Amino acid sequence: MPRTGSATSAGGPSRTAGDPPPPTPDAPPGRLARFRASLARQAARLRTLATAALVVAAAALTVRLLAEPPLTQRDIDAAVAHALETHPPAPPAARAWEAIAPSVVRVRALDKDSAANDEAEGNVGSGVVIVDDGTILTNLHVVAGAERIRVEFFDGHVSDARVIALEPAQDLAVLRAKSIPDDLKPATMASTRNLAVGAQVIAVGFPFGIGPTVTSGVVSGLRREFRSPEGKRMLTDLIQFDAAANPGNSGGPLVTVDGEVVGIVTAIMNPTEQRVFVGIGFAVPIETAAMSVGMSPF
């Protein structure tokens, strides 16, 4: 007859079918759990330290702001004045000269008697490089009748030159040097459209062969006319200026304070027979000068 009641498993205590399973004992904490707990403790400590550091920094800044007086307009003005005293800006004429200097040349026109002499002075005038291939703009009366033309560049390089274009009506000539310095810099030309009476201008050239010489003045008038002393030529639409110019300045540039060419110095007016400056000089506008010899100035 079958037996009822408890069943017995081999090697273990007896258990009836309705009894719940025995509880499973808790597993000991693993290595990963311990590492996570350590990270959490360190993060909490860092947050506490960061908060304390911010509180200290804010307190220090507050103390400093309270201890120092606020910056006033007088303080700002004093700082600006000190900066100007210790590092004064360059005068306008100095800035203009620095910009135009590499483009100014001495022009010597030699006659038949002196053409073979490299040291001969000849008729001295000025010129300005307008193209980096050695193209130079000057006055016609500087080179008229010359057997030989020599030009001296800013670095002392000397070369023969030839006439490649003439505009007698504007007393202009274009020269081309046979050899040029390395990295020859042509002048920057500026429109005279916005040139105003009273604007500061600088004349650069070789008055009486001395130079390069820089003089400064203002635009005295626009659209002036001038008749040559011989009465042979009437020049029109000229810039009148009062920067000192003398024989030898002819053909040199008249420039703005930025060193941009607005005219070619052409003539001076003197009611006496003395060929010296009395405060009235004339320049051909650069647009007229460039276009009259077949070039665009811009």
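Student: Where does S250 lie?
Tutor: Happy to start there, with a word on the source: this is a predicted model, in which local features need pLDDT of at least 70, side-chain atom pairs count only at pLDDT 80 or more, and totals for chains, interfaces and linings use all residues. Residues are numbered from 1 along each chain as its sequence is written, and side-chain values use heavy atoms, leaving out hydrogens and water. Helices (H or I, at least four residues) and strands (E, at least two) are DSSP runs, numbered from the N terminus. On that scheme, S250 lies in the loop between β9 and β10 (253–255).

Student: Is S250 buried or exposed?
Tutor: The scale runs like this: buried means under 20% relative accessible area, exposed over 50%, and partly exposed in between (1.4 Å probe, protein chains only). S250 has a relative accessible area of 13%, so S250 is buried.

Student: Which side chain makes a polar contact with the side chain of S250?
Tutor: Begin with the surroundings, where contact means heavy atoms within 4.5 Å. Leaving aside neighbours within four places in sequence, S250 is in contact with several residues, including G125, T138, H141 and V265. A polar contact is a pair of N or O atoms within 3.5 Å; within protein, one must be able to donate a hydrogen and the other to accept it, and residues adjacent in sequence count only if both atoms are side-chain atoms. The partner, at 3.0 Å, is the side chain of H141.

Student: Is T256 buried or exposed?
Tutor: T256 sits in the loop between β10 and β11. Leaving aside neighbours within four places in sequence, T256 is in contact with A96, Q200, I202 and V262. The relative accessible area of T256 is 14%, so T256 is buried.

Student: Which peptide bond is cis?
Tutor: Look in the loop between β7 and β8 (213–227), where P212 is placed. With omega near 10 degrees, the cis bond is the one from G211 to P212.

Student: How many residues does the largest nonpolar core have?
Tutor: A nonpolar core is a set of buried Ala, Val, Leu, Ile, Met, Phe, Trp, Tyr and Cys residues joined through side-chain atoms within 4.5 Å. Among the residues with the most contacts inside the largest one are I100, V128 and I286. Elements giving two or more residues to this core include α3 (92–100), β2 (123–131) and α5 (286–292). The largest nonpolar core has 26 residues.

Student: One last question: what share of the residues in the protein chain is buried?
Tutor: The protein chain has five helices and 12 strands. Residues 24 or more positions apart account for 59% of its contacts with a separation of 6 or more. Of the 298 residues in the protein chain, the buried share is 36%.
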